[in-house]
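Take a look at the structure below.

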Amino acid sequence: MSTSETASPHPGHDTPIAEFPLGVVEPDYELWGEVDVDPTGLFGAEDIPAEDRAYWDRARRFGLDEVRPEIDDYWDRADFPFHLATRLGELDLLRDGIDVDGHPAMSTLAAGLVNMELSRADGSVATIGAVQSGLALRSVAFCGSEEQIAHWVPKLARAEVLGAFALTEPTHGSDSVSLETRATRVDGGYVLNGEKKWIGNGSTGGITVVWARDDEGNVRGFIVQQEWEGYTGTTIEGKLSLRAIWQAHIRLENVFVPDTHVMPGANSFKDTAKVLFATRLGVAWSAVGHAMACYESAVQYATQRTQFGRPLAAAQVVQERLARMHSELATMQLMVMQMTRREERGELTGPQASLAKYTCTRTARQIASNARDLLGGNGILLKNRVARHFADIEAIHTYEGTETVQALIIGRSITGLSAFNK
């Protein structure tokens, strides 16, 4: 051997090889397993009618069997899972409690349970469904003509066409009532000019319900087909939340909308607000679903992860944190159930819907933050589930009215005084 050669650290065949320490090999954590996520027994068989439970069970199986295996990849690539959107329609999970010819009745409670369960699986998929049904389909169902309802609503319910709802503008978010997109009356219809931002499903090739001001300054609703000339939907990139739904920055440049696509029941911002009011409670249900996912993942990780010679769950501080999440989850669930009962009786007020959204998204953030921290470094890995929900809750905390706006609505109801700028 030359002096320049390096001798093997294990010369000869008789050198003993030390056994590899198995204790350094990380186990595969199962964080999608079954955990009791009903602290107060609110969702027992006696409390949920069989018809509503059937919707819930269908959404649950969809989340576990079809969303779970591939959503991390779509989320990571910021890609839109068109086939999962289609499946939502095939499974009849896209009506948000709205009656559609040819479909069985769907209660407000069933709609809430579906929102909850889809969010428990993934926020992007849940938001695809919420935009499709709660906003686009509801807009046409509430404000469309008989012909428009007959043509578009069944297609939206079956996901044969994807739908978007374009209200928010680049310069008008919380003050969406001040929208400036214009609808100019011309022979046979209107011409739209303006921009919209954060429009879910707005670049998928379907239809977009666009809200714009007419020549008299009234807010009107229009069914715009995304392939029409002058409509440009650019998918917003660089998002750190809801990455598996395409949200678009839309430019409308001299888009002609024929009278057949002008919704006769949309003539003021009050008509827009009627649609938004109906969806606010759905966002609260979604927050519950996200919180359930984070809580059950935290419980499972704490029982499977060993540190200092015992499971994390054996530590007093971990048990206290799990108990806190347990309590917070119960609070959220009780609130959405009570508000849903009021909505089914026609008694839900705007401030109550805001209170549900305000409370549930705030609390979901707390649960997600606690769960992410409890998982330690593993809490930032997509495969461990919590990080995706942790990020996605940030979006639902903002859309359908920010925390500050909800607080001002609640504050006005408490004091009788409006703090909104005039």
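A search of this whole predicted model finds 28 salt bridges. What is behind such a pair? Side chains of opposite charge can pair when their charged atoms come close.

Start with aspartate 65 and arginine 61. Their side chains meet in a salt bridge, 3.1 Å from N to O. Both residues belong to helix α1, which covers residues 50–67. They are four residues apart, so about one helical turn separates them. Aspartate 65 is partly exposed at 45%. Arginine 61 is also partly exposed, at 44%.

Now move to helix α2, residues 71–77. Here arginine 77 and aspartate 73 form a salt bridge of 2.9 Å, N to O. This pair, too, is four residues apart, about one turn of the helix. Buried, exposed or in between: where does arginine 77 fall? With 43% relative accessibility, arginine 77 counts as partly exposed.

Lysine 196 sits in strand β3 (residues 189–200), while glutamate 169 sits in the loop between β1 (163–166) and β2 (182–186), so the pair ties together parts that are 27 residues apart in sequence. Both lysine 196 and glutamate 169 are buried. Salt bridges can also share partners, and in this way Glu34, Arg60, Glu117, Arg120, Glu296 and Arg385 are joined into one network.

Next, turn from charged side chains to nonpolar ones. In soluble globular proteins, nonpolar side chains tend to be buried together. The largest nonpolar core of this model has 50 residues. Which of them touch the most other members? They are Phe43, Trp285 and Leu374. Several helices build this core: α4 (108–121), α7, α8 (316–344), α9 (350–374) and α10 (386–398) each supply at least two residues. The largest share, 14 residues, comes from α7. Leucine 374 gives a close-up view. Leaving aside neighbours within four places in sequence, leucine 374 is in contact with Ala298, Tyr301, Ala302, Leu312, Val318, Arg321, Leu322 and Met325. There is also a second, separate core of 24 residues, and its members include Ile98, Ile207, Trp211 and Met263.

Beyond residues up to four places away in sequence, isoleucine 48 touches Phe43, Arg53, Trp56, Leu109, Leu113 and Met337. Serine 107 is 59 residues away along the chain, but its C-alpha atom is separated from that of isoleucine 48 by 11 Å.

Glutamine 225 lies in strand β5, residues 219–225. It counts as buried because its relative accessibility is 17%. Its side chain makes a polar contact of 2.8 Å with the side chain of histidine 261. Not counting residues up to four places away in sequence, glutamine 225 touches Trp152, Gly206, Ile207 and His261.

Finally, step back to the whole chain. The chain holds 11 helices and nine strands. Its C-alpha atoms fill a box of roughly 95 × 60 × 45 Å along the principal axes. Of its 422 residues, 53% count as buried. The chain exposes about 19100 Å², and carbon and sulfur atoms supply 53% of that area. Among contacts between residues at least 6 apart in sequence, 76% join residues at least 24 apart.

Definitions and conventions. Residues are numbered from 1 along each chain as its sequence is written. This is a predicted model: local features need pLDDT of at least 70, side-chain atom pairs count only at pLDDT 80 or more; totals for chains, interfaces and linings use all residues. Side-chain values use heavy atoms; hydrogens and water are left out. Buried means under 20% relative accessible area, exposed over 50%, partly exposed in between (1.4 Å probe, protein chains only). A polar contact is a pair of N or O atoms within 3.5 Å; within protein, one must be able to donate a hydrogen and the other to accept it, and residues adjacent in sequence count only if both atoms are side-chain atoms. Contact means heavy atoms within 4.5 Å. A salt bridge is a side-chain nitrogen of Lys or Arg within 4 Å of a carboxyl oxygen of Asp or Glu. A nonpolar core is a set of buried Ala, Val, Leu, Ile, Met, Phe, Trp, Tyr and Cys residues joined through side-chain atoms within 4.5 Å. Accessible areas come from the Shrake-Rupley method with a 1.4 Å probe; for residues, only the protein chains shown count as cover.
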